Amino acid sequence: MCCELLKRILLSCLMFLLCFTTYGQNSELGRPPNIVVILADDFGYGSTNAYGARKDYVRTPHLDKLAQEGMMFTDAHTPASICTPTRIGLLTGQYPWRTDLKFGVTNPLDPLILDPASPTLADILKDKGYQTAAIGKWHLGYGTDTEVDFTKKLSPGPLDLGFDYHFGVPQNHGDVWGVYVENDHIYGQKTEQVVAYSRTYYGKPYVGIDAPQRVNKDVTPELAEKAVSWMKNTDPNKPFFLYFAAVAVHRPITPSDGMRGLSGCGPYGDFIQDLDQSVGHILEVLEYMGVADNTLVLFTSDNGGQIPFDKNEGEEIYARNVGFNANGNLRGDKHTIWEGGTRVPFIVKWPGKIAQGTRSSNTVNVVDIFSTIHEVVHGTEAFLPNAGRDSYSFLPNLTGNDSEQIRPAMVTADVDGMQAIRMGSWKYIDPTQPQGLPKTKAQSLAASFQPQLYNLSDDIGEENNLYSTNPKMAAKLRKELERLRNNTSK
């Protein structure tokens, strides 16, 4: 009897130690780390000092400090060079073309593009007791109707995808709605009345919902303040996950009054500095809360900077003309298949786990955030139904094994759904069109879009098309692209 009791006591002690070790493996506080994912909007690869921007053009002290205290990835990409698809990839760990969105973005009246029955990044964290919030730009739709009535309850939405709280811009900075959404209703909505406003956004009238209207120049600081307010009010006994989706530096370029005139390349640079300041506000509050040492912070962008080369004026054009290169020395910008469209800044800080001031040249993608965070809190990569199938955990890179290239291949796409595949330094751009393209667009692409092959190791500017001189490599990459298109798992 005594022996049996002793065995049970010893077994209980062992199980306690194992559980404590597993649950506390990421923190001296005995619980998983808080997680903050910051997704900038249209923020180019060369838009921070840490990634090469000259300080006489822009100054990004908070993002630079984040890079100095963590790891910078120099070959990080988005799954598409446009807003909505990247947000799909971030939250699901899957290429966005596996959903119904084969090209383009969700429009103002479109329903929720994600399936609430499929796991999201917020779901896998909520399963581990995390408090969760989505604050900032949403751009994934609300509800189920073909045309959503924004004066009614906006469900399903973020609250049905694992988030406890949502405060957001429904579509884009300066969108036709002109209001915020809080949880599943218009923030501050007074009545269901809709009135006509005289102001416009790129020629489109604002809808005029009877609620407080956003002031574009104030949106960036207001969203940051909402984020820190939510963090300060979380339960200190539970970890939290903040998905902060900034609106900067998406058009219209509207720096705050406090930042206007402080950069060296006009309002566009001022707006970049507004973004940096909002990141700094979040990081500083983590310090004041006393939780910074137990918080994993990840900063990236949804695609490259938008520099409309077909225009002769505008804030971005002025910045370019004075010498500022938002996308560094990369070819292309937002919407395009080139590196300038999908290669983005990617910085991760995790005190005590990531060596300070480190760099990684390994290829990662925004869809990999899903499996990486899954491994941080669950101990394994994500192998879930309808989630994580295209996501690879780069946790080993973060924690010391940076010599290992974990991702074997990567698919990216442009605004029209045209795809490219990367394997090592080789990049193949495929002329296959997605289904459903409008006829005029399909005809235009068929006439102009050619297969291309580049070796980025010595041609980062994608100037020398090797498709005709290296057909074997092109065929190898095309075959792998087809395999990935047809596969439902890694």
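Which residues have the most contacts inside the largest nonpolar core, and how many residues does that core have?

Modeller: The model is a predicted one. Its largest nonpolar core has 109 residues. Those with the most contacts inside this core are Leu121, Ile135, Phe241, Phe244, Phe299, Phe324 and Phe346. Helix H6, which covers residues 267–289, supplies the largest share of the core, namely 9 residues. In general terms, nonpolar side chains tend to be buried together in soluble globular proteins.

If its neighbours within four places in sequence are left aside, Phe241 is in contact with Ile35, Val37, Leu121, Ala122, Leu125, Tyr130, Gln131, Thr132, Ala133, Phe163 and Trp230.

Four strands form an open sheet in the order S13-S14-S15-S16, and their pairing is antiparallel. Strand S13 (410–413) and strand S16 (452–455) lie at the edges, each pairing on one side only. On average, neighbouring strands of the sheet are turned by 20 degrees against each other, direction ignored. Between strand S14 (residues 419–423) and strand S15 (residues 426–429) there are 4 bridges; Arg422 has Lys427 in S15 as its bridge partner. Helix H12, residues 471–486, packs on this sheet and touches S13, S14, S15 and S16. The direction of helix H12 makes about 110 degrees with that of S14.

Key: Residues are numbered from 1 along each chain as its sequence is written. This is a predicted model: local features need pLDDT of at least 70, side-chain atom pairs count only at pLDDT 80 or more; totals for chains, interfaces and linings use all residues. Side-chain values use heavy atoms; hydrogens and water are left out. A nonpolar core is a set of buried Ala, Val, Leu, Ile, Met, Phe, Trp, Tyr and Cys residues joined through side-chain atoms within 4.5 Å. Buried means under 20% relative accessible area, exposed over 50%, partly exposed in between (1.4 Å probe, protein chains only). Helices (H or I, at least four residues) and strands (E, at least two) are DSSP runs, numbered from the N terminus. Contact means heavy atoms within 4.5 Å. Two strands pair if DSSP finds at least two bridges between them. Axes are lines fitted to C-alpha atoms, for helices over the stretch in contact, and angles run from 0 to 180 degrees between N-to-C directions.
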